[in-house]
Amino acid sequence: MAAHSHVLPFLSPSPSARCSPCGRRAGLLRCAAAAGQAGFFTRLGRLIKEKAKSDVEKLFSGFSKTRENLSVVDELLTYWNLADTDRILDELEEALLVSDFGPKISFRIVDTLREEIRDGKLKSGAEIKEALKRCILELLTSKGGNPELQLGFRKPAVILIVGVNGGGKTTSLGKLAYRFKNEGVKVLMAAGDTFRAAARDQLEVWAERTGSEIVIDNDKKAKPASVLSQAVKRGKREGFDLVLCDTSGRLHTNYGLMEELVSCKKVIAKVLPGAPNEILLVLDGTTGLNMLQQAREFNDVVGVTGFILTKLDGTARGGCVVSVVDELGIPVKFIGVGEGLEDLQPFDSEAFVEAIFP
């Protein structure tokens, strides 16, 4: 039970999952089992967090266009002098807007810098740049909370992947499976996208590529909730560590399909109380600030716990990462910075800020 004090925030359990003081033998056994499983997820969390730190170079290359877009910051600040403060800050604000930081965030950051310059706290271009980076980091950490996966104590942990058509849900799920399998996790995939036969085929390919098991219902009339229920039951029965649940893409304006996600969530919880541990919304980074309405709707309906931002390698809109966190107070947990298997990266706020500024 002492293991509780060593659980990393990465995998901190929900209060309901914690053991109460156990006086009887059965209670002690339950506590011991929970502590053992916590140890497994804690080790997993540590491995993935270390991996994220070692993959910083991928972030630099993935955000090359955003870095290029923000290179004007260095140009503006190299020869900064107090007399040019207003002009330089206006141009700095424009650079942030072009990179999709959003008006509210851009104005807030620039106003903070202007105030600190007037108070004599910032006296050089280098100090202004560091203050700019600090402002962005504070936004990410104060609004987003913990960006690390919360998988609790109990096996299997369940992650539900949701989002609109074309955002990269199935590919993101496959890349998550690849990352977990490399850490020795026993992964089961659930083909909950029953509307598109191609989606099932695609997930089967990912299962084969990653060496994961998969649950598929070949009945064309099968309900997504039924497939996910089967998968979670199998996960419990056969001792899987993690169940990754795919779902059909749906527009956030289609309320009938959105309600279907509620059914999926409920049936998972019925099989395994407390699950799903994570509901990750996949957002296409190339849409920039247009993603915010999608995120609001999905969160209102199903209660999103984290975001996966994809396709950020091909856009200069890296600021949308900050915008979505600031707007909704939900953390980005993974970002896609390329097409490779390893290019879905755990999100790290400090590494991100270093990656977007030249």
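How many disulfides does a search of the whole structure find? This is a predicted model, and the search comes back with 0.

**View 1. Two cysteines, Cys135 and Cys320.** Cys135 has a relative accessibility of 9%, so it counts as buried. Cys320 is buried as well, with a relative accessible area of 1%. Remember that a disulfide is a covalent bond between the sulfur atoms of two cysteines.

**View 2. The aromatic pair.** Searching the whole structure turns up 1 aromatic pair. Its members are Phe347 and Phe352: the ring centres are 5.5 Å apart and the planes meet at 55°, so the pair is tilted rather than edge-to-face, a label kept for angles over 60 degrees. Phe347 is buried at 8% relative accessible area, and Phe352 is buried at 0%.

**View 3. Charges over rings.** Here Lys186 lies over the face of Phe240, 4.6 Å from the ring centre. In another spot, Arg209 has its charged end over the ring of Trp206, at 4.5 Å from the centre.

**View 4. Strand 6 and its neighbours.** Strand 5 (residues 278–284) runs parallel to strand 6, joined to it by 5 bridges; Leu280 has Gly306 as its bridge partner. Strand 7 (residues 332–336) is also parallel to strand 6, with 3 bridges between them, and Phe307 stands opposite Val332 there.

**View 5. The crossover.** Follow the chain through strand 5, helix 12 (residues 291–302) and strand 6, and you've traced a right-handed β-α-β unit.

Technical notes:
Residues are numbered from 1 along each chain as its sequence is written. This is a predicted model: local features need pLDDT of at least 70, side-chain atom pairs count only at pLDDT 80 or more; totals for chains, interfaces and linings use all residues. Side-chain values use heavy atoms; hydrogens and water are left out. A disulfide is a pair of cysteine sulfur atoms within 2.5 Å. Buried means under 20% relative accessible area, exposed over 50%, partly exposed in between (1.4 Å probe, protein chains only). Rings of Phe, Tyr and Trp (its six-membered ring) pair if their centres lie within 6.5 Å; planes under 30 degrees apart count as stacked, over 60 as edge-to-face and the rest as tilted. A charge sits over a ring if NZ of Lys or CZ of Arg is within 6 Å of the ring centre and within 35 degrees of the ring normal. Two strands pair if DSSP finds at least two bridges between them. Helices (H or I, at least four residues) and strands (E, at least two) are DSSP runs, numbered from the N terminus. A crossover is right-handed if, with the strands pointing away from the viewer, the path from the first strand over the helix to the second runs clockwise.
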